[in-house]
Amino acid sequence: MALEDIRIVLVNTSHSGNIGSVARAMKTMGLSKLFLVDPACEVDSHASALAAGATDVLGAATTVNTLSEAIDGCALTIGTSARSRTLSWPMVDPRECAEKLVKESNTGPVALVFGRENSGLTNEELQLCNFHVCIPANPEYSSLNLAMAVQTLTYETRMAFLATQEVKVEEDDAVYPSAKQMALFYEHLESTLNETNFIVKQHPGMVMTKLKRLFNRARPEDQELNILRGILTSINKSTQK
């Protein structure tokens with residue numbers, strides 16, 4: 001699920017150091033599934049050296065002959081490419097790419113595919129992808145090496161993943177008062193406002209209606225409502241002296 005089901009796929013990589021650097025880039029962002037499609041080099045000591053502390057990712061890499069094998073079972077595949085006018089295909093930016101990968105990885109494996117260092121992915125390979133992603137680098141100097149491209153997109157992927165975790169924590173931790181508790185609060189609020197003459201009994205107007213709308217919109221949590229009730233109680237005590 002999530003990051004565990006996101007595959008980084010390298011096609012026909014020619015330099016072993018790049019494979020090691022990619023493994024390191026992946027591990028720093030919490031990804032571990034590396035697929036090597038028909039690599040044009042051995043995963044040697046140079047790759048291990050550049051992987052640094054990510055030799056576990058490197059050692060667990062899956063080597064296959066074709067891109068079709070690497071993306072087998074993936075419901076979503078996104079290929080990296082330069083924006084092309086000749087090959088019309090749905091494009092996403094890095095942030096959209098990351099959001100799609102994280103969302104769909106909750107239901108099964110997904111893949112992010114990187115091509116050859118000098119020529120990228122072929123048209124046939126790109127057509128195996130659901131979307132293409134292009135990193136909007138400086139048009140006057142857009143030269144990103146393989147590991148840099150992987151680092152950029154895996155960073156966005158991690159940020160998208162962390163955003164989903166923050167939402168879950170907020171949802172799990174928030175405890176909201178019941179309708180009855182809110183009704184009691186409104187009664188307490190109205191009686192206090194009457195007591196302090198904020199609400200004029202002869203001309204009550206729309207004060208309580210507007211305040212209810214305010215608190216419904218704010219949706220105070222249980223502890224926040226307790227604080228509000230405490231404030232009202234302290235006002236009650238001071239007016240009764």
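Glu 125 counts as buried, at 13% relative accessibility, where buried means under 20% relative accessible area, exposed over 50% and partly exposed in between, with a 1.4 Å probe and protein chains only. The model is predicted, so local features need pLDDT of at least 70 and side-chain atom pairs count only at pLDDT 80 or more, while totals for chains, interfaces and linings use all residues. Residues are numbered from 1 along each chain as its sequence is written, and side-chain values use heavy atoms, with hydrogens and water left out.

The side chain of Glu 125 meets that of Arg 116 in a salt bridge, at 2.8 Å from N to O. A salt bridge here is a side-chain nitrogen of Lys or Arg within 4 Å of a carboxyl oxygen of Asp or Glu. Arg 116 is also buried, with a relative accessible area of 18%. By this rule the count comes to 3 salt bridges.

Another of these pairs is Lys 27 with Asp 56, whose closest N and O atoms are 3.1 Å apart. Helices (H or I, at least four residues) and strands (E, at least two) are DSSP runs, numbered from the N terminus. Lys 27 is partly exposed at 38%, and Asp 56 is partly exposed at 44%.

Arg 95 forms a salt bridge with Glu 156, again with 3.1 Å between the closest N and O atoms. Because Arg 95 is in helix α5 (residues 94-104) and Glu 156 in helix α7 (residues 146-173), the pair ties together parts 61 residues apart in sequence. Arg 95 is exposed, with a relative accessible area of 51%, whereas Glu 156 is buried at 13%.

The next topic is the nonpolar interior. In soluble globular proteins, nonpolar side chains tend to be buried together. A nonpolar core is a set of buried Ala, Val, Leu, Ile, Met, Phe, Trp, Tyr and Cys residues joined through side-chain atoms within 4.5 Å. The largest one has 38 residues, and Leu 112 and Phe 114 are among those with the most contacts inside it. Helix α7 supplies the largest share of this core, 7 residues. Apart from this core lies another, of 13 residues, including Val 11 and Leu 121.

Leaving aside neighbours within four places in sequence, Leu 112 is in contact (heavy atoms within 4.5 Å) with residues including Ile 8, Thr 80, Cys 97 and Leu 153.

Two loop residues have positive phi values. Phi of Ala 52, a residue other than glycine, is near 55°. Ala 52 lies in the loop between α2 (45-51) and α3, and is partly exposed at 37%. Arg 219, which is not a glycine either, has a positive phi of about 45°. Arg 219 is found in the loop between α9 (207-218) and α10 (222-239), and counts as exposed at 51% relative accessibility.
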